[in-house]
Amino acid sequence: MPLYYFHMRDTDTIADVDGTELPHHDAAREHANGVARELMYKSDGLLDESWRHWTMIVHDADGAEVFALPFQDVENGDDDKS
Amino acid sequence: MSDGLMQGHRENRLLAALPAETFALLGRDLRQVSLAQGASIYEPGAPIDEVYFPQTGLISLLVVTKDGGAIETAIVGREGAVGLHRALGARRSFTRATTQIGGKFSIIRASHFAQIVREDPALRDLIGRYTEVLWAEAQQTAACNAAHDASSRLCRWLLQSADRTASERVPLTQEFLAQMLSLRRTTVTLLAQALQKKGFIKYSRGHIAILDRKGLESAACECYHVTRYDSLPAKIGVKL
């Protein structure tokens with residue numbers, strides 16, 4: 001299975017040092033949304049920056065960007081971990 | 001009992017607090033075992049055969065959900081024990097109990113333990129008091145899991161684990177940690193990296209070291225202070 005890395009960026013960067021094996025891009029997108037919802041649940045931001053400044057940048061194993069997910073586009077509803 | 005073995009058992013604060021004669025009675029049947037991380041202690045619904053008193057390791061009580069997930073409701077280290085209520089009669093475990101951090105444990109066959117407790121009202125009373133404290137901790141944890149954000153819970157958890165093993169170095173994979181907090185592993189990795197950027201922790205493969213305890217405490221939810229094993233009993237008027 002391909003390996004995906006879910007890094008975070010605002011003015012600063014937080015690296016996903018471990019990566020996660022997922023079957024395809026769609027699964028990676030779902031994972032990114034799930035992680036974002038877990039991070040945002042009951043929380044205003046990270047490292048003193050509001051979530052609207054953060055974007056999740058998803059890379060493949062070669063370091064190429066697969067897609068970017070701005071946190072402000074994530075619906076912060078209940079954490080329906082599926 | 002050899003002095004070394006005796007000293008090992010006394011690492012557990014409940015055992016250490018027992019009067020000498022009670023400890024001597026238990027001591028005949030107490031054994032010392034080493035368990036690795038992730039060892040199964042009890043499964044939900046299974047009879048409780050042994051009572052565990054952690055010396056250096058840590059036991060996690062987990063509610064298992066229908067989809068196979070498990071979420072932690074209490075952490076028991078050298079300040080406590082699991083399976084004590086078995087002394088009140090034959091009991092089955094409600095939660096899954098697993099070793100969250102491997103280490104040394106004092107264990108005793110539940111039937112022997114029950115027999116000693118029957119003849120020792122002070123020990124029976126201790127079980128009641130300890131159970132009240134654990135019940136309070138589990139209630140706070142249930143509220144925490146629903147009411148607080150992932151980062152605060154992670155900080156709370158690291159501090160609780162460090163206190164209950166008397167070590168600022170918590171030997172854990174983020175995979176295990178994610179399971180305990182019912183989060184995706186990626187979420188734990190990102191939060192741990194953020195806490196490392198703040199200089200609160202040093203995160204390496206297989207363990208997390210606390211570098212700035214005050215900082216970590218300020219980033220944890222109030223549940224850490226509420227469930228501190230050294231102050232929770234007094235809060236509810238229980239002497240342990």
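Gly206(B) sits in the loop between β9 (201-204) and β10 (207-210) of chain B; helices (H or I, at least four residues) and strands (E, at least two) are DSSP runs, numbered from the N terminus. At 32% relative accessibility, Gly206(B) counts as partly exposed, on a scale where buried means under 20% relative accessible area, exposed over 50% and partly exposed in between (1.4 Å probe, protein chains only).

Some ground rules before going on. This is a predicted model, where local features need pLDDT of at least 70 and side-chain atom pairs count only at pLDDT 80 or more, while totals for chains, interfaces and linings use all residues. Residues are numbered from 1 along each chain as its sequence is written, chains are lettered from A and ligands numbered from 1 in the order in which they are written, and side-chain values use heavy atoms, with hydrogens and water left out.

What does Gly206(B) touch, leaving aside its neighbours within four places in sequence? The partners are Val170(B), Pro171(B), Leu172(B) and Thr173(B), with contact meaning heavy atoms within 4.5 Å. Take Leu172(B): it is 34 residues from Gly206(B) in sequence, yet the C-alpha to C-alpha distance is 5.0 Å.

Leu172(B) has its place in the loop between β8 (169-170) and α7 (174-181) of chain B. With a relative accessible area of 3%, Leu172(B) is buried. Again skipping neighbours within four places in sequence, Leu172(B) is in contact with Gln37(B), Gln100(B), Trp157(B), Leu177(B), Gly206(B) and His207(B). Ser204(B) is 32 residues away along the chain, and its C-alpha atom is 9.4 Å from that of Leu172(B).

Two packed helices are described by the angle between their axes and the distance between the axes. Here axes are lines fitted to C-alpha atoms, for helices over the stretch in contact, and angles run from 0 to 180 degrees between N-to-C directions.

α7(B) and α8(B) pack with their axes 8 Å apart, at an angle of about 110 degrees. That is why α7(B) and α8(B) are roughly perpendicular to each other; the classes are roughly parallel under 35 degrees, roughly antiparallel over 145, roughly perpendicular from 65 to 115 and oblique for the rest. On the α7(B) side the contact uses Gln174(B), Glu175(B), Leu177(B) and Ala178(B), and on the α8(B) side Arg185(B), Val188(B) and Thr189(B). By class, these residues divide into 3 nonpolar, 2 polar and 2 charged (Ala, Val, Leu, Ile, Met, Phe, Trp, Tyr, Cys and Pro count as nonpolar, Asp, Glu, Lys and Arg as charged, and the others, Gly among them, as polar).

Next up is α6 (residues 150-165) of chain B, whose axis comes within 10 Å of that of α8 (residues 185-197) of chain B, the two crossing at roughly 75 degrees. That makes α6(B) roughly perpendicular to α8(B). Ala150(B), Ser151(B), Leu154(B) and Cys155(B) of α6(B) meet Val188(B), Leu191(B), Ala192(B) and Leu195(B) of α8(B). This contact has 7 nonpolar residues, 1 polar and no charged ones.

**Rings**

How many aromatic pairs turn up over all chains? A search of the whole structure finds 3, where rings of Phe, Tyr and Trp (its six-membered ring) pair if their centres lie within 6.5 Å, and planes under 30 degrees apart count as stacked, over 60 as edge-to-face and the rest as tilted. Two of these pairs are tabulated here.

| Pair | Centre to centre | Angle between planes | Class |
|---|---|---|---|
| Trp51(A) and Phe71(A) | 5.0 Å | 20 degrees | stacked |
| Phe53(B) and Phe113(B) | 6.2 Å | 70 degrees | edge-to-face |

Trp51(A) lies in the loop between β5 (49-50) and β6 (55-60) of chain A and Phe71(A) in the segment after β7 (65-70) of chain A, so the pair ties together parts that are 20 residues apart in sequence. Trp51(A) and Phe71(A) are both buried.

The chain B pair links distant parts of the chain: Phe53(B) is in strand β3 (residues 50-54) of chain B and Phe113(B) in helix α4 (residues 110-118) of chain B, 60 residues apart. Phe53(B) is buried at 3% relative accessibility, and Phe113(B) is buried at 1%.
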